[in-house]
Amino acid sequence: MSLVQNPAIVYISPAELVVHPKLIEIYGENEERPALEKSISEKGILESLKVSARTGVNVVLAGKCRLQIARKLLISSVKVEFVESGSPEEDLKLVLDFNLHREGGKTHYQKFHEGQYWESVLRPQAKERQRQSARRLNQSNDSNLNHSVTESKSQLGKGKRVIQEVSENLNISVGSYHKGKKVFELISQLRELEKFKAVVALEMEFNRSIDAAYKFVCNQDICYQVIDLLEADEIGSIGDGIAWMLNGDRNPFRRFQLDQVYQFKKRLRPELEIVGRVIAITNEFVVFGLRNLVNMSLEIVNLRPRQIDAELQDEPSASQRKRIFHLMQKFSDVFPVQVSLAELLKLPNLTDKEEVLLRMYESDVFEKTWEDYKTQMKAMEVSTNRKKDNIRAA
C-alpha cells in the first residue's frame, strides 16, 4: 500500500465522491469548521482530497469537511489525489493515517474512536514481536548463553507498550487513556442498546472533560439513574442529571443527615455493633461510625446508599451529646480534650467508661487541675521572658 508515485492532481465534481463510512462514524456527518469554510470561500480548496477508486467508486479517505463545505458553497469541482489501496483494511488504515494529525482539533470521543483502531492494529504486532523473541530465546544454542539471553531481553525492552504508543498517537496521557476507555466503552454499549439520547449527552460530557465523565461512569449509584432520566427526556445533559440526583427528589442521599443513628437489619461484620451513626456524607458514600465490640474502638465504614439496609432510630444519646458540645466549647483551647470529645460524637452511644470520662471532664477537680496547669505555664512563660530581657540588657 502506498501513494501513487507522482500522482496527477485531478478535479472532480463533488457529486462523484462518497465519504468513507469510518470518517462519518468517527467525526460525524456534519462538522462545524467556520475557519476552514471562510478559507475555502476566499481561496478555494488548497489541499487535495485523498481518494481511493479501488472498488470503482471514488471514496474519500481524507477531506470529508472540505467536501462538505464544497457542496455547501456549490463549488463545481474539487481537487483530488488518488491513492493506491488493495483491500478494505488498507482503506481503513489510510483513513486513520491521513487523519492522525487532522487540523481543526479532535474531540475526545473522536480520539478514542481512533484509539480503538490503533489498538486493534498494534496488539497483534506486539504479540508477534513477543513470539519472535521467544523463538530466538528457544533457538539459541550459543555457547555464550547468558550473553544471548541478555541481548534478547534487551531487544524485548526496546518496544513500547501498546497503550503507551496509542496514547502518544492520540496526544493524551496513559492515565487519561485508561479512564477514557471506560467512558468510551459505556458510550458504545449505550449505542448498541439504542439509548441514543444518553449517548449524545455522555459524549458531550466526555468531550468536555475525560475526568468528569470517568467519575460519572464510576459512580453507579447516579450513572444509570441519570441515563434513564435522559432517555425519558426529563433532563438534557449529564450535568443536569447529576444536579437533580444530588439535590432533587431522586437523590439517593436525600434521606440521610449528619448525626442520625441507624439500626442495620444485619451486622455489617460480626464484630461491629448493629447500630451506627452518620458522621459524613460524600459524593459517593454515606459514612458511618460504628463501635467494634471486640476492642470497643470506633470504626469508620463507607457505604453507598443502595448498600444501606437499615432503619432510622431515635437519638439514643441526646443528653450526653449536649454535654459533649458544652465541654468542647469550655475546653476549646485544649487540643487533646477536643480530639477525645470529637471521637465520642462519632459513636452511636456511649459505654459506662466513656460516661465516667465525661464526668471527669465536667468535675471541679479536672477544671481546677487544668486552671492550675495554665497558671503554671503562664508563670513559666513570664520567667522565660524575664531571663531573655536580662540577657539582652547584659
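Start by selecting histidine 20, whose side chain comes to 3.0 Å from the backbone nitrogen of lysine 22. This is a polar contact (a pair of N or O atoms within 3.5 Å; within protein, one must be able to donate a hydrogen and the other to accept it, and residues adjacent in sequence count only if both atoms are side-chain atoms). The model is predicted: local features need pLDDT of at least 70 and side-chain atom pairs count only at pLDDT 80 or more, while totals for chains, interfaces and linings use all residues. Residues are numbered from 1 along each chain as its sequence is written, and side-chain values use heavy atoms, with hydrogens and water left out.

Stay on histidine 20. Its place is the loop between β2 (17–19) and α1 (21–27); helices (H or I, at least four residues) and strands (E, at least two) are DSSP runs, numbered from the N terminus. Histidine 20 has a relative accessible area of 13%, so it is buried (under 20%; exposed is over 50%, partly exposed in between; 1.4 Å probe, protein chains only). Show Val59, Val60, Leu61, Asp91, Leu92 and Val95: histidine 20 is in contact with these, leaving aside its neighbours within four places in sequence. Contact means heavy atoms within 4.5 Å.

Next, select helix α8, residues 174–192. Its 19 residues reach 27 Å from first C-alpha to last, close to the 27 Å expected; the expected span is 1.5 Å times one less than the number of residues. Colour Tyr177, Gly180, Val183, Phe184, Leu186, Ile187 and Leu190, which are buried in α8. An α-helix has 3.6 residues a turn, so residues three or four places apart point the same way. Just after α8, look at glutamate 194, which has a positive phi of about 60°.

Move to serine 340 in helix α14 (residues 335–346). Serine 340 is partly exposed because its relative accessibility is 21%. Its C-alpha lies 9.7 Å from that of methionine 328, 12 residues away along the chain.

Last, go to methionine 380 in helix α16 (residues 364–393). With 52% relative accessibility, methionine 380 is exposed.

Of its 394 residues, 38% are buried. Among contacts with a separation of 6 or more, 63% join residues 24 or more positions apart.
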